[in-house]
There are 2 protein chains.
Amino acid sequence: MPSNGRGESISELAQKKVRRFFSIDTLYKRVPVTRWMQDYNLECLEGDVMAGFTVGLTVIPQAIAYAGVAGLDPNYGLYSSFMGCFVYVFFGTSKDITIGPTAIMSIMTHEYSYAGSADFAILLCFLSGLIIFASGICNLGFLVTFISKPVIVGFTSAAAITIASSQLEGLFGLKFDSEGFIDTLVQLFENIGDTRWPDITLGISCMVVLLLMRKLKDLKAVKAQQHDTTGTRIWKKSLFLMSVGRNAIVVIVAGIIAASLNKDQPFTITGEIQPGLPNFVVPPFHTTINGTYFSFSDMMSEVGIGLAIIPLISILESIAIASAFSGGKTIDATQEMLALGLCNIMGSFVQSYPVTGSFSRTAVNSTSGVKTPAGAIITGFLVVLALAFLTPYFKYIPKASLSAVIICAVIFMVEYEYVLPIWRVRRIDQLTLWGTFLTCLFWKLEYGILVGVGINLGILLYNSARPKINVDIVMKEESDEPRYVKVAPRSGLFFPSVDHVRTQVTKTAITAANSRAPVVVDCSHFSGIDFTASKGMKALCTDFERRQQGLVFTNITPGVERGLRALNENVNIAKTPEELASTVTNGYLGSSGGGVGISAGRVGLTPESGDNDVTNPLLQGTNQSRPTIVPVSAD
Amino acid sequence: MPSNGRGESISELAQKKVRRFFSIDTLYKRVPVTRWMQDYNLECLEGDVMAGFTVGLTVIPQAIAYAGVAGLDPNYGLYSSFMGCFVYVFFGTSKDITIGPTAIMSIMTHEYSYAGSADFAILLCFLSGLIIFASGICNLGFLVTFISKPVIVGFTSAAAITIASSQLEGLFGLKFDSEGFIDTLVQLFENIGDTRWPDITLGISCMVVLLLMRKLKDLKAVKAQQHDTTGTRIWKKSLFLMSVGRNAIVVIVAGIIAASLNKDQPFTITGEIQPGLPNFVVPPFHTTINGTYFSFSDMMSEVGIGLAIIPLISILESIAIASAFSGGKTIDATQEMLALGLCNIMGSFVQSYPVTGSFSRTAVNSTSGVKTPAGAIITGFLVVLALAFLTPYFKYIPKASLSAVIICAVIFMVEYEYVLPIWRVRRIDQLTLWGTFLTCLFWKLEYGILVGVGINLGILLYNSARPKINVDIVMKEESDEPRYVKVAPRSGLFFPSVDHVRTQVTKTAITAANSRAPVVVDCSHFSGIDFTASKGMKALCTDFERRQQGLVFTNITPGVERGLRALNENVNIAKTPEELASTVTNGYLGSSGGGVGISAGRVGLTPESGDNDVTNPLLQGTNQSRPTIVPVSAD
């Protein structure tokens, strides 16, 4: 019977796996509601209802507005806003995250849905959901770690500017077709003569009110104090609610004004919205737009790279928010991806476009005192109610007020405040930031991400191809002759760097120590070795042998030693200070022999393993006589 | 007046640069002939003439045969074989390298020259030359270090098999159009009935003779001995010449046989070759093939990715050969690229297709005792003579003999002997090897390189995203309570890894040490820090502060410290053993205070910086009492 090392048969192992798969821990992990529901109490309910209601008030106007950014009818924004809430309650791990339409997902959807067809957006939602779910199963979450913060900052800022510029059309009451930031500005200036003054007046008023109300919750007078009376507390709570519910308030007031002027409408209004709840149907795998039939593969080729970019950004946004609100706990990225995937898959059955975690609503949720993911049930329920009963009234909402809502939401996404810190930490990251930003703004959003990741990986790979190499010449104690040369590359030994290391070691050996002093290669920074590197080191050994010069490797891990010896049995490796002392004393290492002249005890080789610019506090301050060390720059 | 730190004005600096640019050292470096020509003597001349002649005998039959691999008429092979020789004499740094057509460049040229048009091949040569030259100027040579040995082995082996299979047509005397390895085999079996027996008989005989003659020079009887008489020496020299000149001998003999049977030709022969030397003309920037006009941009779009692949492989082959024959000296990759670029640029004016260093002819050159790059003048001159006077006779060369020459040259390029060593050094490199090999063989040669580089970079990036992290729990001396937890990531701190490091440190902090022991992050393997990493470490500090748990960074380089402090002024960094001892003794680091209870002298923190599996021979064997260290695997 086949068995593994611990004497277990394969069938036993399989049984174990199956048992673990069906264990209660797996249930807790994969359907987290089963765990937190056990501790649910009245206090949780109170917090959840309050927060859920507040988020509901935020999401309804945002959804209607973002649908416009996605190039879809307003009802699709609402369709996208409830299913994610319900699904996340069961599978989500974070109490704060609220799933739904966001500004960035909306503009990405706009880019990939052909001719503004909702069918494309819904299919995109379904397929993105599948891809996110599959990525979760395959543990591909680490891919988002390749998108660095400067890339995210550049992308988000450019997306915010692009989105804001796309709303100028509604704000000015104009009508034109445009694509991208530059085109929009050009069109705006060409059409500026047709500006509708009621629209722009309303729009700018809404923006001023929104920005003022946003400040409201930050006022000292609104902060809860311990000695507040019940009356003060209610007053403060109301002010807070007004602040976070500002979008709803502004849109409702604007809508009421527009409705009361119905006969002689001065504003551009939203117009009829398809009333009622969406049907629960399978997403469309083929469609007909303006008489043109699109098969599944036609739709696929239209969507193209969107199938990679949209899931990526969806995961990125969601995980970033989860980390920000985790309060220092590690997040289960896999579970978050599974949950997000399911939200999108299920959403596509109620005609949702791609959704992800919303930063603004998550913040509202958190500050409103949400206790468990159950708060989202209330939010979802509010959206369903709005769809069922309020759609007839939505038609009066002035477009300028929606544009104001979006512009006021996205302008704070322009993260100019990162420019200086990035400069302070590492200057070359500015290249990543601006490369991403400018490409996103003037070319295409998704290309910006690719350019940014490309620059980042380029820098990373350049660093691994050209590691810093510290060179020290260790002098003999009572003369000015070099005793040996220590070379310490500051990075792993893999194929891109091995030629550089070999060249530098050779150069050092020839120039820095013309007296044929042996060279000691300090391997303490080598985390591993690959075939190319091992072969390069073998060539290095051959070079040294030909020159009759000593070459010793030291501070070597067993893995690297195995890799080195696999190709070169006779490589000189010093494992103890005594070994090193005797080899470097003998000069050329071809001959064997005990340490002559200088005993191991007095050699006192440099105590750092690799750096001459670091004082190593993990070491005792040993008071031994040390040989002179002359650092030589090798770069 | 603007000046740099050393008080030099910018104009002074510029003058200095100009002076350096026009110095004799620059001349020696960039036109190496000016240096070695000074020491030229009769002995050099003897070696160079002998070697140049031998290489000439090798290159002529190879050039005629390789032209077939490139899908061009035989004369183009010869056109490609002399200009490189003449140019390299002036600009090359290696005495051994011989530039000319090679099997791999020939098959790559075949792939990118539309409909076997020589005009495409010549343009490719010119543009590749420009790109190689420009890459040399821009110091882009490091790009080839991203092609690891397993990729090269996989590519070369697959190319060899593809080239050999392409020669079966000529060997069997068949005529069919095929592309790629599989297609060729299929066609061969479909057409095998039409095999021409004289051709295959001649072909196989030639192969047997070639392989036997190849062995000749390795025989003991041919090795030069000290006590050889002049007669013996001449005899041995002749045997050696026969061995390295075997291609010429076989082709000449086969040609004489074919010519003597001219009336009733049993063999498929090469046929008329355009006689005489090529004209010296500007490369074709537009062309007409079978009545279709191709503008420059049409040609460009046909050539496509070839403009990246051909220069890359050209550089790769040349640098690899230069390294192999450098005898341990560092090679000036930039100068080699400049020389190779000029060889191609100048070559394109005499209708050459892309050329590079030939491994086989370089080996012949070296073993024939070449002394300086001047040997190539003789080689080039022989080719020119052949073009001027011998082309009328080349038409009799049987195609089967040329196929035999190629097959016998390339079968030794299948480097099966690498499989086992690669397995021994690092098993995952097998994935690179076989991924490259199979893609090259069954899809397209250039895609194989891309796949191989992709796998390699994937492994490298995965390693930098998921560095190994060593975790040790250092126990208190007289209890079983942890004193502190030491976490040592084994790689640099850059954006892909920071999330992983943060998660692991947090996990360690929470699970491994539930007594809130402080955590010490050993940064000795951090070679640098970028913005994303610095931000992640700031978040980590915040997490720890929130948990009231201590977090200290130690073994930190000034650069990394600067990067950390840029975002997080108050990060705890211990620079000396005393600092570390006092901080970890106090537990939570928020409060200040001197070391209580355990003096720095007795703490005896672990002497290794990062590894618990390495004995550090750069350290004294200090006999202090050490706290217990319990290694915990974090992966």
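User: Is Gln351(A) buried or exposed, and why?
Analyst: Gln351(A) counts as buried because it has 24 C-beta neighbours inside 10 Å; a residue is called buried if 20 or more other C-beta atoms lie within 10 Å of its own, exposed if 12 or fewer, and partly exposed in between, with C-beta atoms placed from the backbone. Please keep in mind that this is a predicted model, in which local features need pLDDT of at least 70 and side-chain atom pairs count only at pLDDT 80 or more, while totals for chains, interfaces and linings use all residues. Residues are numbered from 1 along each chain as its sequence is written, and chains are lettered from A and ligands numbered from 1 in the order in which they are written.

User: Where is Gln351(A) found?
Analyst: Gln351(A) sits in the loop between helix H17 (333-348) and strand E4 (356-357) of chain A, where helices (H or I, at least four residues) and strands (E, at least two) are DSSP runs numbered from the N terminus. Its phi is near 60 degrees, a positive value in a residue other than glycine. Most residues other than glycine have a negative phi.

User: And what is phi of Asn555(B) near?
Analyst: Phi of Asn555(B) is near 55 degrees, again a positive value in a residue other than glycine, and Asn555(B) belongs to the loop between strand E8 (551-554) and helix H26 (558-567) of chain B. Asn555(B) counts as buried because 29 C-beta neighbours lie inside 10 Å.

User: New topic: how far apart are the end C-alpha atoms of H16 in chain A?
Analyst: They are 26 Å apart, which agrees with the 27 Å that the 19 residues of helix H16 (residues 306-324) of chain A should span at 1.5 Å a residue, the expected span being 1.5 Å times one less than the number of residues. H16(A) is mostly covered, with 15 of its 19 residues buried.

User: How many residues of chain A are there, and what share is buried?
Analyst: Chain A has 635 residues, of which 51% are buried, and its secondary structure comes to 28 helices and 10 strands. Among contacts in chain A with a separation of 6 or more, 78% join residues 24 or more positions apart.

User: Which strands pair with E6 in chain B?
Analyst: Strand E5 (residues 469-475) pairs with E6(B) in the antiparallel sense over 7 bridges, and strand E7 (residues 519-522) runs parallel to E6(B), joined by 3 bridges; two strands pair if DSSP finds at least two bridges between them. Lys486(B) in E6(B) stands opposite Asp472(B), and the bridge partner of Lys486(B) in E7(B) is Val520(B). Strand E6 (residues 482-489) of chain B is mostly covered, with 8 of its 8 residues buried.

Definitions and conventions. Contact = placed C-beta atoms within 7 Å.
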